[in-house]
Amino acid sequence: DKLQTLDHTVQPILDQTETLTTRQVNIEMTITKVDELIFNVQLANTSPHEIPSIEADYKAYLGWLKNVHMGVQYFKANSKFRKGSEALHKLKELLEDGVKECMREFFRRLSDSVTQPYRAKDLLRAHHWRRLRNRYREHGEGEDDGAADQGQEMECQSSVGGLSAIGGNFLKLG
C-alpha cells in the first residue's frame with residue numbers, strides 16, 4: 001500500500017521533470033541556433049574597416065576568413081531564412097576578396113624574400129669557404145682569432161645573396 005501510494009506521488013513529478021528537461025534542451029538548442037544565425041548575419045554585414053589587416057596579423061585574417069567560409073556553408077545549408085540568399089551572396093564576395101588578398105600577400109612575401117636567382121658558381125663558392133674554414137679548424141693551421149672566420153663567413157653569405165651555407169644549411173633562405 002505505502003509503495004503504491006509513493007509510486008503515485010513520484011510518477012507525476014518524474015513526468016514533469018522529463019518534460020522540463022526536454023524543454024530545457026530544446027531552449028538551449030534554440031539559443032545556440034539563434035546565436036549562430038546572428039553571428040553569420042553580422043559576418044555578412046562586416047564593414048571593410050572591421051576586417052583584420054592581413055599585413056598586421058596574418059593569423060587573425062586567416063581566422064576571419066575561416067569564419068567567412070563557415071558562414072557561406074551555413075547559408076548554403078539554411079537558405080530558407082529571410083534574406084538568406086542576400087547574406088550568402090555577401091559572404092561569397094567577402095570570401096572571394098579574402099582569398100584574392102591572401103594570394104596577393106603570398107606573392108608579395110615571396111617577391112620580397114627572393115629577389116634574384118642564385119647561380120651555381122655562387123653556391124659552389126659558398127661551399128668552398130665552408131670547406132676551407134673546416135680544414136683550418138681540423139688541422140689547427142693559423143690563429144683562430146674569429147675575425148678571419150667571420151670575414152670569410154660574411155663574404156660567403158654575401159656572395160650567395162641571402163643563402164646561408166654556414167653550419168650545414170645549404171639552401172636556407174636568409
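# A guided look at a helical chain

Guide: Welcome! From the N terminus on, the elements of this chain run α-α-α-α-α-β-β. The model is a predicted one, in which local features need pLDDT of at least 70, side-chain atom pairs count only at pLDDT 80 or more, and totals for chains, interfaces and linings use all residues. Residues are numbered from 1 along each chain as its sequence is written, and side-chain values use heavy atoms, with hydrogens and water left out.

Visitor: How many helices and strands are there, and what makes a run of residues count as one?

Guide: There are five helices and two strands. Both are DSSP runs, numbered from the N terminus: helices are H or I with at least four residues, strands are E with at least two.

Visitor: What span should H1 have, and how do you know whether its ends agree?

Guide: The expected span of a helix is 1.5 Å times one less than its number of residues. H1 has 43 residues, so it should span 63 Å, and its end C-alpha atoms are 63 Å apart, which agrees. H2, with 20 residues, reaches 29 Å from its first C-alpha to its last, close to the 28 Å expected.

Visitor: Why is Glu 93 called partly exposed?

Guide: Buried means under 20% relative accessible area, exposed over 50%, and partly exposed in between (1.4 Å probe, protein chains only). Glu 93 has a relative accessible area of 41%, so it is partly exposed. Its place is in helix H3.

Visitor: Which residues of H1 and H2 are buried?

Guide: In H1 they are Asn 40, Leu 43 and Ala 44. In H2 they include Tyr 61, Trp 64, Leu 65 and Val 68. Across the chain, buried residues make up 22% of the 174 residues.

Visitor: What makes a group of residues a nonpolar core?

Guide: The group must be buried Ala, Val, Leu, Ile, Met, Phe, Trp, Tyr and Cys residues joined through side-chain atoms within 4.5 Å. The largest such core here has 16 residues, and Tyr 61, Trp 64, Leu 65, Val 68, Phe 75 and Leu 91 touch the most other members. Helices H1 (2-44), H2 (58-77) and H3 (84-113) each give two or more residues to this core. H2 supplies the largest share, seven residues.

Visitor: What is Trp 64 in contact with, beyond its neighbours within four places in sequence?

Guide: Contact means heavy atoms within 4.5 Å. With those neighbours left aside, Trp 64 is in contact with Leu 43, Thr 46, Ile 51, Pro 52 and Leu 94.
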